Amino acid sequence: MNEDLLKSFINLGLSEQKAKETLKNTAVTNTLKKLLDDVSSVILPEGAGMLLYHLATKAKPQINNHLSLITKYIASGKLDSTLRVDKAIEYCMSHLTNLNIEECEKWCGVGIIVTPEQIEKSVETHIANVTNELLEKRYRYNSGLIMQKVRTDLPWADGKAVKSEVDLQILDLLGPKTEADLAPVLKSDKKSAKPIKAENKVKPVASSVKEPEPVNGLTILDVMKKVSFHAPGDNYKTDGYIVTPNTMKLLQEHLKVTGGKVHTRFPPEPNGILHIGHAKAININFGYAAAYAGSCYLRYDDTNPEKEEEKFFTGIYDMVTWLGYKPFAVTHSSDNFDQLYEWAVLLIKKGLAYVCHQTADEMKGFNPKPSQWRDRPIAESLQLFEDMKNGKIDEGAATLRMKVTLEEGKMDPVAYRVRFTPHHRTADKWCIYPTYDYTHCLCDSLENITHSLCTKEFQSRRSSYYWLCNALDIYCPVQWEYGRLNVNYTVVSKRKIAKLIDEKIVNDWDDPRLFTLTALRRRGFPPESINNFCAQLGVTGAQSVVDPSMLEAFVRDTLNNTAPRVMVVLEPLKITIENYPHSSAIKVPVPDFPNKPELGSHDITFDRIIYIERSDFMQVGDRGYRRLTKVQPVGLRHAGYILEVTKVECDENGVVTEVVCKCTHVDETKTKPKAFIHWVAQPVDVEVRLYQSLFKHKNPEDLNEVPGGFLTDCNLDSLKILNSYGDASLAKAKVYDKFQFERTGFFCVDRDTTAEKLVFNQTVGLKEDTGK
C-alpha cells in the first residue's frame with residue numbers, strides 16, 4: 001500500500017478505513033491522485049478536500065480534459081458544495097468540446113449567495129401553506145416536503161441550513177414533542193379497514209390451481225421503464241463510451257434522423273429456431289422500445305450462408321409476432337453488404353486492417369502467435385482483399401483482420417472470410433462474408449440504433465464495437481449488456497437440438513419436450529405467460545438459471561383464467577348404470593369456467609353407459625383412497641348422481657373390464673360422498689400425449705454430472721401416448737385451442753389433429769394431489 005497516498009487521502013478528510021478502501025479502486029485512486037497534483041501548491045478552503053474526493057468518484061472518463069478546471073474552481077472556493085460540483089460535472093458532460101466558462105459558472109451558481117434571511121422567508125411561506133395539516137399531524141408530518149419546496153425556490157441554499165430552519169420553525173409552531181408525538185404509530189389492520197356487509201360476503205370457491213399468483217400484474221413495460229439506460233443522444237455520458245472530435249456532430253445528425261426516439265433491434269441469426277432465451281431478448285429489445293414509444297427492428301444477421309434456411313427466417317418472424325410484437329421494419333445484414341465492403345477497404349487504407357494467412361487453428365485461444373502479416377503494406381492488403389472478393393483465393397487461405405485487441409485479450413478479430421457459398425438474397429455476388437464482430441456494430445450505426453442491447457457474453461466485444469465505429473468516423477450507438485437466461489433440464493444449442501433430431505430422440509424443432517419457442521407454442525404455452533415470465537426475471541447483469549417449474553407457474557396462472565374446462569378420461573373404464581333414471585341420453589349444461597359461469601357453458605351427454613378414469617376405481621381401496629370401490633360410493637361431477645358398485649366384471653387375467661353400478665340422486669342421499677370424479681358419455685376418441693422432462697439431470701451438458709454427454713442423459717419415458725375418450729363438445733376444437741381437462745391438467749390441440757382424430761399435448765399439470 002502506498003503510505004504517502006494514504007496519508008494524502010486522509011488529509012482530504014477521509015477516514016483511514018475509507019482511504020484504504022479508496023486505494024483498492026484503481027480508477028478513483030488515479031483520478032484523485034491527478035486532482036491532488038493539480039492543487040499541490042494551493043491551500044484548500046475548509047471542506048474542499050472532500051469535494052475533490054466527490055469529484056473523483058463521480059467524474060467520467062469523457063470529461064478528463066475538464067477536470068483541471070473543476071479542480072481549480074473547488075480550490076478557489078467557487079464550487080463550495082457537492083451540488084455545485086455535480087452541476088459542474090453535468091455541464092462538462094454536455095459540453096465536451098465547446099465549454100463556455102461564463103455559461104458554466106452560471107449553470108453551477110458560482111457567486112450566488114443565499115442568506116439566512118432568504119431561507120427564513122422561504123420556509124415561513126411554505127409552512128404557512130400547510131399550517132392546518134401541520135397542526136393536525138404535528139410531528140408525524142413529512143417535513144421533507146417543505147425542504148423540497150424551499151430547495152426549489154433557493155437551489156443554491158445550503159441543505160443543512162434549510163433543514164435547521166425548517167426544524168426551528170416547526171418547533172415554534174408546535175412546541176416541544178409530547179408523549180403522544182413520541183408514541184409508535186400503530187399499524188392499521190388492513191383486513192378490518194374496509195368491513196364487508198354480511199349479505200355481500202361470498203363464500204370462496206376452491207380453485208383447481210392452488211398456488212399464489214406469480215405475476216402480480218408486472219409487465220415488461222413496467223420493468224423497462226425502471227431500467228437506467230441513457231437518453232437518446234446522451235451516448236457520450238455512458239461508461240466506456242469513446243468521445244472523438246466528431247462525436248457531438250454525429251450525435252446531432254443521429255437525433256435529426258430518429259427525432260430523439262428510442263431505436264432498438266433484435267438481431268437473430270437465421271440458422272436455427274428461437275428458444276426460451278431468445279424470448280427474454282425479444283421482450284427486452286421490443287419492450288424497451290415500446291416503453292418509450294420508440295421502434296424496434298427485426299434484423300436477420302444473415303452473414304453465414306451455409307447454415308441459413310428459409311424455414312428459419314419465417315420461423316423467427318412467426319415467433320416474434322406470436323409473442324405479440326410487431327417489428328418497426330424487417331431488415332437483413334446483407335442489405336448492407338456493399339457499404340460494409342467499402343468500409344473494409346477504408347479500414348485497410350487507414351492502416352487499421354490487413355489481410356492475414358494464419359489458419360483458424362493458429363488464431364484460436366487467447367494467446368495466439370501474432371500474425372506475421374500484421375504490418376504488411378497497405379497496397380498489398382488492398383490487392384489481396386480484392387482478390388478475396390473476386391474468388392481468387394481459396395477458403396481458409398486468407399482473412400481480413402482488424403487491428404484491435406478485445407477486452408478478453410484476443411487480438412485482431414476477423415472481419416471477413418472467404419466462402420464459396422451462394423447467399424439466399426445476394427446469390428453468387430459475394431464470395432467473402434463479414435463476421436459478427438465486424439457487421440453487428442456497423443449495421444446498428446446504419447439503422448441509427450440508440451441502445452444495442454445484448455447478453456453479457458458480448459461485453460468483451462464492447463471495446464471493438466466502439467473502436468470500429470470511431471475508426472470509420474460514423475455514428476456510434478451504446479452497447480448495454482444483460483444476463484442471459486438458462487433453463488435447467490434442457491439444451492438450447494442449435495447443434496445439440498439438431499443432434500437430438502438426427503438421433504430420433506425428438507421429432508423436430510417444435511417437439512413439445514424442447515424449449516424452442518415453436519415447441520412451447522405447440523405444447524400450449526400462451527405467449528403472454530412467457531412474456532410475464534421474462535418480466536419477472538427483470539433486467540440485470542446476472543445470469544438467470546431457473547427450473548422449468550417457474551415458467552410453468554406462469555403458464556398455469558394464465559391458463560387457469562383462459563382455458564375452458566372439459567372432461568376427458570385418459571385411461572377409460574366402462575361403467576354401466578343399471579338403474580339409469582332416464583329413457584334416453586340427456587344433455588347437461590356445464591359452465592366453461594365454474595368460478596365465472598357468466599363466461600359461457602357447453603352441453604355434455606349423460607347416458608346409461610359412461611366412462612371414468614381407470615385409476616378412479618379400486619375393488620379394495622387403499623387407506624386414504626376416496627374414490628369408487630366395492631363398498632365406497634363416489635359422486636359424478638355436474639351430473640348430480642352418486643354411484644354405488646353392484647357388480648365387477650374382469651377378463652381372464654383379472655383385469656377389470658366393466659363395473660356395473662346403481663345411481664342415486666345427490667339430493668336423496670343422507671351421506672355426501674368423499675369425492676366427485678369426472679366422466680364422459682358418448683365420447684369422441686382423442687389421442688393424448690403426456691410429457692416428462694427430456695433429461696434426467698439439471699445440466700445435461702455438464703460432463704461432471706453427465707460424463708457420457710447429453711445424449712446419454714435422455715429420459716426414454718419422456719413421452720407417453722394414450723388413446724382416450726373426450727367430451728363430445730371437443731369435436732369442434734381447432735389447432736392450438738387450449739383446455740383444462742378436469743382433475744388432470746391443461747392441454748392444447750396439436751397440429752397432428754385430423755378430421756378423424758383429435759390429438760392433445762399436455763401443457764402443464766394441475767397443482768393438486770390427484771392420488772386421493
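User: Let's start with Ala 553: does that count as buried or exposed, and why?
Analyst: Keep in mind this is a predicted model. Ala 553 counts as buried because its relative accessibility is 14%, and the cut-off for buried is under 20%.

User: Which helix is Ala 553 found in?
Analyst: Ala 553 belongs to helix H26, residues 548-562.

User: And what separates the C-alpha atoms of Ala 553 and Trp 679?
Analyst: 27 Å, with the two residues 126 apart along the chain.

User: OK, switching to helices. How do the axes of H18 and H21 cross?
Analyst: H18 (residues 337-349) and H21 (residues 436-446) have axes that come within 11 Å and cross at roughly 115°. The two helices are therefore roughly perpendicular to each other, and H18 passes H21 in a right-handed crossing.

User: Which residues meet there?
Analyst: From H18 you've got Gln 339, Leu 340, Trp 343, Ala 344 and Leu 347, and they meet Tyr 438, Thr 439, Leu 442 and Leu 446 of H21. Sorted by type, the residues of that contact are seven nonpolar, two polar and no charged.

User: New topic, strand S4. Which way do its residues point?
Analyst: S4 covers residues 353-356. Ala 353 and Val 355 point one way, Tyr 354 and Cys 356 point the other way, and all are buried.

User: How many bridges join S4 to S5?
Analyst: Four, and S4 runs antiparallel to S5, which is residues 399-402.

User: What stands opposite Val 355 in S5?
Analyst: That's Leu 400.

Methods
Residues numbered from 1 in each chain as written. Predicted model: local features only at pLDDT ≥ 70, side-chain atom pairs only at ≥ 80, totals over all residues. Heavy atoms only, no water. Axes fitted to C-alpha atoms, helices over the stretch in contact; angles between N-to-C directions. Parallel < 35°, antiparallel > 145°, perpendicular 65-115°, else oblique. Left-handed = near helix turned anticlockwise from the far one by under 90°. Contact = heavy atoms within 4.5 Å. Nonpolar A, V, L, I, M, F, W, Y, C, P; charged D, E, K, R; others polar. Buried < 20%, exposed > 50% of the residue type's maximum accessible area, 1.4 Å probe, protein only. Pairing = 2+ DSSP bridges.
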